[in-house]
Amino acid sequence: MTIFVMWPTFSKIYEKSYKPLSDGQIGLEQAYKEAEAPLRTFMYVQMQDDTSYIVTFMNMANLEKPNTMDDVPTYVLIPAYILHELKVAFVIGIFLYIPFIIIDMVVASILMAMGMMMLPPVQISMPFKLILFVLVDGWGLLTQQLFNSVLK
């Protein structure tokens, strides 16, 4: 999935940086700048809705608040992007966790009502979780949510 999502960016890097460098048309420094630009654009576009991490890292580095993307150094942009993506991953994880915890609570309540206190609820609830995940096309939903979080 990473290759699928990053393919347009990798293509730009290849066309504007690697290919000219290997053909001897540009130097190493220019190739680095040409390769950096598409990656910076990709990371910045992902964080357009929430630039608070950029501001946080700019403050930690004692830099002024940026006006444009060009004002943000790459060493600030990379950790801000990583934290933003971790936040998105945790949100997806919470959305997966909530229905599963509800199934656990319902099964535990039913087992307690039946007087089966010694039977672990997880032993009974796991097949129900798997059935729910398959019936609602969990892999499709998870993949779609991942792509929606990246491809805007």
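What you see is a predicted model, in which local features need pLDDT of at least 70 and side-chain atom pairs count only at pLDDT 80 or more, while totals for chains, interfaces and linings use all residues. Residues are numbered from 1 along each chain as its sequence is written, and side-chain values use heavy atoms, with hydrogens and water left out.

Where is the kink in α1 centred? It is centred on P8 and amounts to about 45 degrees, the bend at a residue being the angle between axes fitted to the seven residues ending there and the seven starting there.

Along α1, the buried residues are V5, M6, T9, I13, S17 and P20, and what covers them includes α2 (28–46) and α6 (138–150), with contact taken as heavy atoms within 4.5 Å. Just after α1, G24 takes a positive phi of about 80 degrees.

Now to the charged pairs. A search of the whole structure finds four salt bridges, each being a side-chain nitrogen of Lys or Arg within 4 Å of a carboxyl oxygen of Asp or Glu. One of them joins D23 and K19, at 3.4 Å from N to O; D23 is partly exposed at 43% relative accessibility, and K19 is also partly exposed, at 36%.

Another pairs K33 with E29, whose closest N and O atoms are 3.7 Å apart, and because these residues are four apart in helix α2, about one helical turn separates them. Here K33 is partly exposed at 47%, whereas E29 is exposed at 59%.

The last one I will show is between D50 and K87, at 3.0 Å from N to O. D50 lies in the loop between α2 and α3 (52–60) and K87 in helix α4 (residues 74–113), so the pair ties together parts that are 37 residues apart in sequence. Is D50 buried or exposed? D50 is buried, with a relative accessible area of 18%, while K87 is partly exposed at 38%.

How values were computed
Helices (H or I, at least four residues) and strands (E, at least two) are DSSP runs, numbered from the N terminus. Buried means under 20% relative accessible area, exposed over 50%, partly exposed in between (1.4 Å probe, protein chains only).
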